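Visitor: Hi! Could you walk me through this one while I have it open in my viewer?

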Amino acid sequence: MPDTPDLSIILTGVSPKDRHTGVSPEHRHAGHPPPAVDITDVRVRPGGRLVLDGCGLTLPAGRITALLGASGSGKTTLMRLIAGLDVAGFEAGHVTASDGRPLDGRIAWMAQQDLLMPWARVIDNVTLGDRLRGRPVDAPRAHVMLDAVGLAGIARLRPAALSGGMRQRVALARTLMEDRPVVLMDEPFGALDAVTRHGLQDLACRLLRGRTVLLVTHDPLEALRMGDEILVLSGRPAIARRVTPPPGPVPRPVDTPDLGARLAALMAVLEARP
Ligand SMILES: Nc1ncnc2c1ncn2[C@@H]1O[C@H](COP(=O)(O)OP(=O)(O)OP(=O)(O)O)[C@@H](O)[C@H]1O
């Protein structure tokens, strides 16, 4: 999608309305388990071309849903709708949480570009949400998050000193720092080499466990490893089709029996022309 999601949600997961509530996310979500998210009857016609029509999908509560689909099929569009961001050519559609509460302020977004502030130290990037909200910075918690992503000891470095994989770990720490029950990940590991990507997939599955996650990816193997549920957006206009995920908990090892056959089957669904 050509335009960029609202800076505040990309950087910190905080929606603009959220900044002035004076209530920390931790307090607001205390005692509320992550909801399932339902998207129904979406019709989007950017530039006069019908991209989605009657499209719907469900993100099961506390699970990772991997969403694949050809470039331009509407993956980011659906993600933006869930996030409550503007969508070009939006005509119809509903997004609801299973607990009946608004999703506003309960979503974090992690993008392919880590979007770290180059002038700020790692610790300041991780605590950006607190600082944008004008709240006291919880530095001890930020150090716990950095430790969790395997980056203890680099808190004072600037992003330029880090590898791509380390930078995405910082972005993951920042996402975790926000502690939102719903996490939207738009090709978060797309720019990383295979080995680094594999490690980050494991880390993200472990650290995001129990949250309701939508993972948009172009990598079928990533979907098979990380997806509790796997959906493919296909057709014109596109609809979401469910593909049976491999058995077993995520992250699934690459030597999961049958993974090659499942990869071939998933590729066939992806390659199928409308
Ligand atoms: N502001 C806009 N103006 C015109 N067309 C748009 C706009 N935003 C999105 N589109 C079109 O809507 C369609 C869906 O875009 P979207 O970014 O959701 O696809 P995607 O599946 O995420 O693609 P990719 O995998 O390449 O990121 C595309 O054809 C895109 O060109």
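Visitor: Which residues does Leu 146 touch, leaving out those up to four places away in sequence?
Guide: Leu 146 touches Val 122, Val 126, Leu 151, Ala 152, Ala 155 and Ala 173. Keep in mind that this is a predicted model.

Visitor: Okay, and which residues touch the most other members of the largest nonpolar core?
Guide: Leu 146 is on that list, together with Ile 82, Ala 173, Leu 184, Leu 214 and Leu 215. The core has 67 residues. Helix H7, residues 164–178, supplies the largest share of the core, with six residues.

Visitor: Which domains does this core draw on?
Guide: Both domain 1 and domain 2 give at least three residues each. As general background, nonpolar side chains in soluble globular proteins tend to be buried together.

Visitor: How many residues does each domain put into the contact?
Guide: Domain 1 puts in 20 residues and domain 2 puts in 16 residues. On the domain 1 side, the elements giving two or more residues are helix H2 (25–29), strand S6 (182–186) and H8.

Visitor: Which of those gives the most?
Guide: That would be H8, with five residues.

Visitor: Let's stay with H8. How do the axes of H7 and H8 cross?
Guide: They cross at roughly 10 degrees and come within 11 Å, with H8 spanning residues 194–207. That angle makes H7 roughly parallel to H8.

Visitor: Which residues make the contact?
Guide: From H7 you have Gly 165, Gln 168, Arg 169, Leu 172 and Leu 176. H8 answers with Thr 196, Leu 200, Leu 203, Ala 204 and Leu 207.

Visitor: Switching to strands. In what order do the three strands of the open sheet run?
Guide: The order is S2-S1-S4, with antiparallel pairing. S2 (52–59) and S4 (90–97) are at the edges with a single partner strand each, so one side of each has no neighbour in the sheet. From one strand to the next, the twist averages 5 degrees.

Visitor: How many bridges hold S1 and S4 together?
Guide: Six bridges, in the antiparallel sense, with S1 taking in residues 37–44.

Visitor: What lies across S1, S2 and S4?
Guide: Helix H3, residues 75–83, which runs at about 120 degrees to S1.

Visitor: Is H3 largely enclosed or largely open?
Guide: H3 is largely enclosed by the rest of the structure, because eight of its nine residues are buried. The buried ones are Lys 75, Thr 77, Leu 78, Met 79, Arg 80, Leu 81, Ile 82 and Ala 83. You have met Ile 82 already, among the residues that touch the most other core members.

Visitor: What comes just after H3?
Guide: Gly 84, which takes a positive phi of about 75 degrees.

Definitions and conventions
Residues are numbered from 1 along each chain as its sequence is written. This is a predicted model: local features need pLDDT of at least 70, side-chain atom pairs count only at pLDDT 80 or more; totals for chains, interfaces and linings use all residues. Two strands pair if DSSP finds at least two bridges between them. Helices (H or I, at least four residues) and strands (E, at least two) are DSSP runs, numbered from the N terminus. Axes are lines fitted to C-alpha atoms, for helices over the stretch in contact, and angles run from 0 to 180 degrees between N-to-C directions. Two residues are in contact if their C-beta atoms, placed from the backbone, lie within 7 Å. A nonpolar core is a set of buried Ala, Val, Leu, Ile, Met, Phe, Trp, Tyr and Cys residues joined through C-beta atoms within 7 Å. A residue is buried if 20 or more other C-beta atoms lie within 10 Å of its own, exposed if 12 or fewer, and partly exposed in between; C-beta atoms are placed from the backbone. Domain bounds come from an automatic or database domain assignment. Angles under 35 degrees count as roughly parallel, over 145 as roughly antiparallel, 65 to 115 as roughly perpendicular and the rest as oblique.
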